[in-house]
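Please examine the structure shown here together with the report that accompanies it.

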Amino acid sequence: MIRLVTPENRTAYAHQLEEMHRQRWVCFVEQRGWSALGALQKTPGYEEDEFDDERAVYLLALSQQGNVLGSMRLRPADDKTIVGDICQGAIDAKTKAGFGASDWEITRTMRAPAHTGPDGQLRLQLTTAACEFALDRGISRYVCCVDTQMLPAMRALNREHHTLLGEPIPYAEGEMIAVALRPDQQWLERTYALAGFTGRVLEAPPRAAAFAAA
Amino acid sequence: MHFQRALEFIEAAERCSSLDGLQACLKRYLEPYGVTQFTLMALAQNPHNGARAPVPLSNATASEWRARYAERGYFNSDVVTHGAIRRSAAFTWDDLDLKQLAGTSRTVFHEGREIMAVEGSLVIPTHDANGFAGYVSLFFEKETPPPQVHRSLKIMAIYALEKAKELYGLEPDRAGWDQPCPLTVRQREALAFMAQGKTDWEIGVILGISEKTANKHLDAVRRQLGVATRAQAAAKAVHAGWISI
């Protein structure tokens with residue numbers, strides 16, 4: 001079951017969030033060579049940025065011992081985004097201005113660096129959980145930046161559900177591109193079938209009143 | 001404008017029901033850029049042994065060159081192919097180190113240029129989660145368009161190649177959704193060349209990275225796979241189908 005970490009229950013997952021930030025440093029700065037990101041950090045070995053704020057929500061895949069196996073950050077896109085405000089040239093001003101209340105951004109999708117096992121199921125779990133979250137929350141669109149190497153797979157799995165938002169731009173690992181994803185029941189059922197999930201993978205949402213404050 | 005054209009091409013390409021139709025569609029969208037000839041080359045995986053081999057999916061070049069290229073097996077000696085493996089960004093013939101060409105590579109390059117009678121070129125490599133996946137070569141009667149156009153052409157190339165693979169009957173890339181792999185693309189590439197007997201220095205030259213970085217990638221591979229030696233890493237990866245040699 002993927003855990004949902006919101007501003008309301010963050011203290012209950014303080015240990016896992018700490019672990020997640022340290023894993024993000026190893027994954028993105030050390031393994032993937034995002035040196036510019038590393039240079040921005042206040043504390044070496046701990047990766048966080050301005051988007052890790054009170055509006056961020058995290059999806060955490062945990063082991064039976066409570067260790068973080070993988071994580072994903074989700075955040076509303078109506079005030080600022082990595083794709084629009086950090087990745088220069090990824091989208092134009094008109095596209096950026098079009099992000100509204102029902103648009104969220106997916107960033108920092110990661111498998112724990114120490115996890116040496118297969119990660120296909122993990123990625124499917126996180127993606128499916130993000131889709132379930134979108135349907136729970138009324139999110140109509142996710143935006144994200146992906147490596148252009150992911151476009152063939154994106155086309156294969158999400159042909160009707162993905163749209164390119166801009167031209168490719170260079171980054172530390174090659175070229176990336178801004179993409180919009182439209183989660184819906186059809187997409188959810190397709191990933192359930194692909195992964196062999198028999199039911200919901202994201203833990204049940206918190207009460208509506210508590211969640212509305214996010 | 002160029003990006004919008006690329007989006008329109010994607011929609012039109014998805015409606016194509018044959019390789020001939022896709023080729024005609026691509027020709028229509030590339031002509032405004034001065035493209036007179038093009039090829040789509042995919043690296044397809046054999047489902048039985050995991051080996052990857054080149055498959056020309058579409059070849060709208062001079063028929064004489066098409067025939068000669070296929071009959072003489074020029075793919076492995078083609079400096080354009082070697083360039084596409086090393087790069088993720090589009091490149092032109094001018095970006096290649098043509099002075100170092102010798103033997104068959106030199107022959108292939110100059111024969112092609114002469115027979116096709118073109119002035120400009122743009123090679124757009126495509127990579128998927130398994131690494132180098134193929135490339136699209138565009139040939140221009142006059143000069144190659146400026147770099148700001150290359151990005152939209154890359155989008156068109158990626159989607160054209162994927163549609164061509166589908167129409168040809170090749171398996172689409174699923175980025176490890178059902179073939180889980182703990183290695184990054186670069187790690188897999190370095191491991192594959194190591195398994196072929198290349199040294200760290202040679203791997204660096206092929207991938208366009210330093211010898212030290214190649215060594216770092218291979219060390220990371222050993223740790224990721226939880227093995228003691230590089231040979232064990234290669235064996236594990238070949239057995240799992242993550243690399244082929």
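## Chain A as a whole

The coordinates are those of a predicted model. Chain A contains 8 helices and 8 strands. For its 214 residues, a compact globule would have a radius of gyration near 17 Å, and the value for chain A is 16 Å, which agrees. Taken along the principal axes, the box filled by the C-alpha atoms of chain A is roughly 40 × 40 × 35 Å.

Of the 214 residues in chain A, 56% are buried. The accessible surface of chain A comes to about 9200 Å², and carbon and sulfur atoms supply 53% of this area. When contacts in chain A between residues at least 6 apart in sequence are considered, 72% join residues at least 24 apart. The charged side chains of chain A number 23 positive and 28 negative, and the centres of these two sets lie 2 Å apart.

Strand β2 of chain A spans residues 57–62. Because 6 of its 6 residues are buried, β2(A) is largely enclosed by the rest of the structure. Val57(A), Leu59(A) and Ala61(A) point one way from the strand, while Tyr58(A), Leu60(A) and Leu62(A) point the other way; all of these residues are buried.

Strand β2(A) pairs with strand β1 of chain A (residues 3–5) in the antiparallel sense, over 3 bridges. In this pairing, Val5(A) stands opposite Tyr58(A). Strand β2(A) also runs antiparallel to strand β3 of chain A (residues 68–76), to which it is joined by 6 bridges. Here Ala61(A) is placed opposite Gly70(A) of β3(A). The hairpin formed by β2(A) and β3(A) has 5 residues between the strands, and within this hairpin Gly66(A) takes a positive phi near 90 degrees.

## Chain B as a whole

The secondary structure of chain B consists of 10 helices and 4 strands. Read from the N terminus, the order of elements is α-α-β-β-α-α-α-β-β-α-α-α-α-α.

Buried residues account for 50% of the 245 residues in chain B. Chain B exposes about 11600 Å², of which 49% is supplied by carbon and sulfur atoms. Among contacts in chain B between residues at least 6 apart in sequence, the share joining residues at least 24 apart is 61%.

## The β3–β4 pair of chain B

Strand β3 of chain B, residues 120–128, pairs with β4(B) in the antiparallel sense over 9 bridges. Within this pair, Ser121(B) stands opposite Phe139(B) of β4(B).

Ala160(B) belongs to helix α6 of chain B, which comprises residues 147–168. The relative accessible area of Ala160(B) is 0%, and the residue is therefore buried, the criterion being a value under 20%.

Which residues are in contact with Ala160(B), leaving aside its neighbours within four places in sequence? They are Phe9(B), Leu22(B), Leu26(B) and Leu40(B). Ala160(B) and Ser18(B) are separated by 142 residues in sequence, while their C-alpha atoms are 12 Å apart in space.

Key: Residues numbered from 1 in each chain as written. Chains lettered and ligands numbered in written order. Predicted model: local features only at pLDDT ≥ 70, side-chain atom pairs only at ≥ 80, totals over all residues. Heavy atoms only, no water. Helix = DSSP H or I, 4+ residues; strand = E, 2+ residues; numbered from the N terminus. Rg over C-alpha atoms; globule rule 2.2 N^0.38 Å. Buried < 20%, exposed > 50% of the residue type's maximum accessible area, 1.4 Å probe, protein only. Contact = heavy atoms within 4.5 Å. Areas by Shrake-Rupley, 256 points an atom, 1.4 Å probe, with all protein chains shown as cover. Lys, Arg positive; Asp, Glu negative; His and termini not counted. Charge placed at Lys NZ, Arg CZ, Asp CG, Glu CD. Pairing = 2+ DSSP bridges.
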